[in-house]
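The points are grouped by topic.

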Amino acid sequence: ATGYGAAYFMEEMLKTKGDAIEGKNVIISGSGNVATFAAEKITHRGGKVLTLSDSAGFIYDKDGIDAEKLQWIMDLKNVRRGRISEYAEKFSSAEYHAGKRPWGVNADLAMPCATQNEITAEDAKTMLGNSIMAVSEGANMPTNIDGIHQFLDAKILFAPAKAANAGGVAVSGLEMSQNSMRINWSAKEVDSKLNEIMKSIHAQCVQYGSDGDKTDYIKGANIGGFIKVANAMIDQGIV
């Protein structure tokens, strides 16, 4: 849910520029649930995933990590508990870079889905120099404050984790609803509901973060979140 949600948020940001994920090269960090399912949804939307990583290094596949290769990675990580370096041994189109993160790879879109503070100011400068046009955070606070300022100053599309990775919590809410009502939705129905939730979160960010020419998604997420809590407090008679 978190990985799909971050991809849906990326999709919505690109729509504001009349653009789409289709045909874009995408660098993703991590190889756990968030990263692999983000990669899966990006692939579904016609994007080309070039990288994944773990704590020891990252892989770069010039031909793209397609659905079949991604399934191999999911088996590697979830069943065999292997290291991402094994991917480069399996697929000749791939390179393994030990002790490094994927932010130096030339691409259009970036999705940090590994860990906190994995993108520094220097990483951000490198990414901007490589023509990154949008970043959607799948991990919790993966870009440090200096890196965030680099992205904001460059006026690229930047989705903070507090908005972009809300899909996991959102689907937890859907699970609670199903339990309370004693019903169940199919995976397709849940995915559709998740997509609509991420569209709603994006719209709220635009509503509160837009100055007409561009949207500050951090500002929009902060103000939108504050207003939602404030309105709930008013509705409950707390204030």
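This is a predicted model: local features need pLDDT of at least 70, side-chain atom pairs count only at pLDDT 80 or more; totals for chains, interfaces and linings use all residues.

Arg-81 lies in the loop that joins helix 3 (67-78) to helix 4 (85-90).

**Positive phi in loops**

- Arg-81 has a phi near 55°, a positive value in a residue that is not glycine.
- The relative accessible area of Arg-81 is 65%, so this residue is exposed.
- Met-141, also not a glycine, has a positive phi of about 50°.
- Met-141 sits in the loop between strand 6 (134-136) and helix 6 (145-154).
- With a relative accessibility of 52%, Met-141 counts as exposed, because the cut-off for that class is over 50%.

**Helix 8: span and faces**

- Helix 8 comprises 15 residues, 167-181, and spans 21 Å from its first C-alpha to its last, close to the 21 Å expected at 1.5 Å a residue.
- The buried residues in helix 8 are Gly-167, Ala-170, Val-171, Leu-174 and Gln-178.
- An α-helix has 3.6 residues a turn, so positions three or four places apart point the same way.
- Val-169, Met-176, Asn-179 and Ser-180 are exposed on the other side of helix 8.

**Helix 8: surroundings**

- Helix 1 (2-15) and helix 9 (187-209) are what the buried residues of helix 8 pack against.

Key:
Residues are numbered from 1 along each chain as its sequence is written. Side-chain values use heavy atoms; hydrogens and water are left out. Helices (H or I, at least four residues) and strands (E, at least two) are DSSP runs, numbered from the N terminus. Buried means under 20% relative accessible area, exposed over 50%, partly exposed in between (1.4 Å probe, protein chains only). The expected span of a helix is 1.5 Å times one less than its number of residues. Contact means heavy atoms within 4.5 Å.
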